[in-house]
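Please look over the sequence and the structure shown here before reading on. The briefing that follows goes through selected helices, helix pairs and single residues, grouped by topic.

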Amino acid sequence: MDVPNPNLGLWRTQSDQLPETLTATMKSNEATTGGDSGGGGSSGSGTLSRKSSRQTVLMSPGRGGKNTHIRKTRSAQMKFDFDEVGSGAALSRASSASLGFSFTFTGFTMPPDEAADSRPFSDDDIQEDLEAGTRKKFQTEPTLPIYLKFTEVTYKVVIKGMTSTVEKDILNGISGAVNPGEVLALMGPSGSGKTTLLSLLGGRLADPGGSITYNDKPYSKLLKSKIGFVTQDDVLFPHLTVKETLTYAALLRLPKKFTKLEKEKRAQDVIRELGLERCQDTMIGGSFVRGVSGGERKRVCIGLEIIINPSLLFLDEPTSGLDSTTALRIIELLQDIAETEKTVVTTIHQPSSRLFHKFDKLILLGKGSLLYFGKASEAMVYFSSIGCSPLIAMNPAEFLLDLANGNMNEVSVPSELEDRVQLGNSETETKSGKHTPAVVHDYLVEAYETRVAEETKKQLMIPTPLDDEIKSGVESMKREWGASWRQQYSILFWRGLKERQHDYFSWLRITQVIVTAVILGLLWWQSAVHSPKELDNQAGLLFFIAVFWAFFPVFTAIFTFPQERAMLNKERAADMYRLSAYFMARTTSDLPLDLFLPMLFLLVVYFMAGLRQTADSFFLTMVIVFLCIVAAQGLGLAIGATLTDLKRATTLASVTVMAFMLAGGYFVKNVPIFISWLRYLSFNYHTYRLLLKVQYETISPVIDGIKLDSGMKEATALAIMVFGYRILAYVSLRRMKIY
């Protein structure tokens with residue numbers, strides 16, 4: 001005998017309640033509508049809809065006996081508009097309620113009477129945050145409005161091969177416009193030219209073909225202070241917190257008229273506006289450092305740009321790698337920014353249907369050509385007018401990307417395109433009988449050119465009606481740094497110190513130095529020198545110290561500029577600081593950190609090995625090692641700045657350090673005259689001679705075949721290397737293509 005399924009009976013009972021639920025809902029709605037007929041029914045029904053929605057959320061089944069039949073009570077209390085009932089929204093919600101789908105809030109139960117009296121939603125209500133907490137509408141101060149126009153924009157790149165040079169077209173005559181208060185989306189498949197077009201509009205690429213104007217004026221570097229550019233990659237310092245990252249940006253980028261306290265307050269305001277209070281004291285994080293989430297990182301990157309209150313905001317795929325909910329949160333933030341008379345342009349790869357309907361204007365690119373420009377809401381209408389309509393219900397963005405890729409699956413084929421295939425050869429049709437992407441692409445480009453392009457170009461040729469104040473605002477802008485050179489240096493110095501102290505004081509590096517020092521101390525345990533015959537053994541220790549503290553900093557410094565090049569490009573493109581201030585801060589902020597590890601090393605080795613036990617000898621040894629470190633670090637900086645490719649830089653550094661070590665005076669005593677010049681370039685040679693002098697000048701004037709003198713030549717040579725290598729690194733940075 002089969003056992004009856006209790007769940008089956010429950011489903012039937014709940015299904016039977018559905019007609020009763022809808023009947024009660026419609027009667028309640030009629031009564032309410034009738035009561036409001038005298039005062040304008042449309043607004044009343046809209047308020048009622050929001051009120052009923054709020055009641056649905058607020059009411060929850062409790063755990064006491066009074067709420068045992070809460071589903072039936074709640075279903076009877078629901079109120080819906082007639083439009084919602086007709087469209088199926090009420091049916092969906094009522095059935096969900098009657099089937100028992102509900103939200104339980106622990107410790108919170110609102111009686112039905114109180115729920116009915118709760119206030120309805122209004123436009124000013126705080127909306128639910130899509131990640132956590134609540135989201136307030138983003139607000140910024142008004143700024144100079146900028147009308148962006150671009151006509152027949154083209155761009156080519158030169159590809160150099162082994163035997164030939166080829167020019168490749170990236171963009172082919174792109175035209176469009178975006179005004180303050182609008183969000184323009186650049187959409188298209190990978191390789192269609194979205195990022196290139198965005199970079200051209202943002203002034204990040206030089207020599208574009210065609211015309212790009214800002215308030216009918218060409219681009220000028222003075223516009224940098226009015227443009228915010230968010231790159232696709234989140235280029236941030238991983239060991240800085242969210243608050244520190246935004247505060248340093250505010251101190252560097254905001255105008256001098258703001259005081260330090262006002263700049264810090266502005267950073268805090270941006271943190272609050274972006275909903276980052278919860279994570280403001282959390283490190284950004286990176287590949288090997290745990291930090292904030294992807295959505296929070298993206299909001300920090302946006303905050304770095306909006307902190308200057310830009311007139312133009314460019315974003316390269318701000319939703320890349322984010323889930324649909326977080327992506328919607330980002331796009332809503334862009335809408336809020338645009339509503340304050342800002343001009344927003346963003347690339348988007350494959351948005352959801354909710355995201356697609358948030359955009360004001362749309363540019364669809366395919367293989368560098370323009371397939372559509374106009375209102376995003378009218379894109380489907382346009383493609384339907386040329387005979388391309390989806391045969392099934394689908395996301396508009398997916399449909400448009402299919403067309404841009406030349407994919408006509410589940411899409412109606414225009415008769416004109418059918419005629420082309422029938423008249424063409426087998427080359428225009430695939431083996432399966434489907435149209436080739438090239439044929440579809442050519443048809444879409446030709447359709448846009450014949451139907452829309454000419455009218456669009458005519459409209460773009462009309463001068464923008466601007467006030468004299470707005471025109472003069474663009475023309476009268478001057479390049480102004482947010483801080484003086486001294487302030488820039490100070491801010492970058494402390495920022496660099498905070499960022500790199502985690503690497504310098506990591507347990508791995510400290511362990512490496514201490515273990516090496518202990519091994520050396522054990523090998524040369526109490527090897528005191530009292531006569532010239534005992535020098536040979538201990539001289540090897542001094543040479544190893546000279547080599548170790550030359551090799552170690554070189555390969556650490558090599559990675560400095562190649563790793564920070566992306567950050568340097570980003571911040572220099574925004575005119576955050578002078579290159580000279582950055583270079584000085586970057587090189588000097590390492591000096592306090594560089595002194596810690598050699599002190600730790602020498603404290604262990606010096607006394608374990610029984611080196612000369614006087615205070616003067618100990619501190620002079622420390623100074624000599626420190627000079628060697630700074631000189632070797634300068635060489636690493638110069639190599640890293642000259643060769644930004646890490647493989648080539650590492651190879652050159654290995655060969656150079658090996659040559660300097662061999663010419664250091666320990667392995668080869670009599671260097672041939674035709675290569676003897678090499679030892680004078682070797683910081684190992686000068687460091688080794690100075691260490692011998694400090695330790696053994698009272699024992700013998702000649703040590704291991706090396707005649708000791710005053711040491712001034714060696715000290716001078718190291719000092720020249722300290723500054724000379726750094727000057728070479730700075731010149732190399734100047735020659736790099738940094739914005």
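Which residues in helix 20 meet which residues in helix 25? F543, V547, F551, V554 and F555 in helix 20 are in contact with T650, A653, S654, V657 and M661 in helix 25, where contact means heavy atoms within 4.5 Å. By class, this contact of helix 20 with helix 25 has 8 nonpolar, 2 polar and no charged residues; Ala, Val, Leu, Ile, Met, Phe, Trp, Tyr, Cys and Pro count as nonpolar, Asp, Glu, Lys and Arg as charged, and the others, Gly among them, as polar.

This is a predicted model, in which local features need pLDDT of at least 70 and side-chain atom pairs count only at pLDDT 80 or more, while totals for chains, interfaces and linings use all residues. Residues are numbered from 1 along each chain as its sequence is written, and side-chain values use heavy atoms, with hydrogens and water left out.

**The chain as a whole**

- The secondary structure of the chain comes to 28 helices and 14 strands, where helices (H or I, at least four residues) and strands (E, at least two) are DSSP runs, numbered from the N terminus.
- Of the 739 residues of the chain, 48% count as buried, the cut-offs being under 20% relative accessible area for buried, over 50% for exposed, and in between for partly exposed (1.4 Å probe, protein chains only).
- Among the contacts in the chain with a separation of 6 or more, 74% are accounted for by residues 24 or more positions apart.

**Two helix pairs**

- Two packed helices are described by the angle between their axes and the distance between the axes.
- Helix 20 and helix 25 (residues 646-662) pack at an angle of about 165 degrees, with their axes 11 Å apart; axes are lines fitted to C-alpha atoms, for helices over the stretch in contact, and angles run from 0 to 180 degrees between N-to-C directions.
- Helix 20 and helix 25 are therefore roughly antiparallel to each other, given that angles under 35 degrees count as roughly parallel, over 145 as roughly antiparallel, 65 to 115 as roughly perpendicular and the rest as oblique.
- Helix 20 passes helix 25 in a right-handed crossing; a crossing is left-handed if the near helix is turned anticlockwise from the far one by less than a right angle, and right-handed if clockwise.
- The axes of helix 8 and helix 9 come within 8 Å and cross at roughly 135 degrees, and the two helices are therefore oblique to each other.
- The crossing of helix 8 and helix 9 is right-handed, and K243, L246, T247, A250 and L251 in helix 8 meet K260, K263, E264, A267, Q268 and I271 in helix 9.
- The residues of this contact of helix 8 with helix 9 divide into 5 nonpolar, 2 polar and 4 charged.
- K265, also placed in helix 9, is exposed, with a relative accessible area of 51%, and its C-alpha atom is separated by 9.1 Å from that of A250, 15 residues apart along the chain.

- Helix 10 (residues 294-306) has 13 residues and reaches 19 Å from its first C-alpha to its last, close to the 18 Å expected, the expected span being 1.5 Å times one less than the number of residues.
- The buried residues of helix 10, including R297, K298 and R299, pack against strand 8 (227-230), helix 8 (242-253), helix 9 (260-273), strand 9 (312-315), helix 11 (324-338) and helix 21.
- Helix 23 (residues 590-608) has 19 residues and reaches 28 Å from its first C-alpha to its last, close to the 27 Å expected.
- Among the buried residues of helix 23 are L593, L597, F601 and V605, and what covers the buried residues of this helix includes helix 18 (485-504), helix 20 (535-557) and helix 24 (615-642).

**Loop residues and positive phi**

- D216, in the loop between strand 6 (209-214) and strand 7 (217-218), has a phi near 65 degrees, a positive value in a residue other than glycine, and at 32% relative accessibility D216 counts as partly exposed.
- D575, in the loop between helix 21 (560-573) and helix 22, has a positive phi near 55 degrees and is buried, with a relative accessible area of 11%.
- Just after helix 23, G610 takes a positive phi of about 70 degrees.
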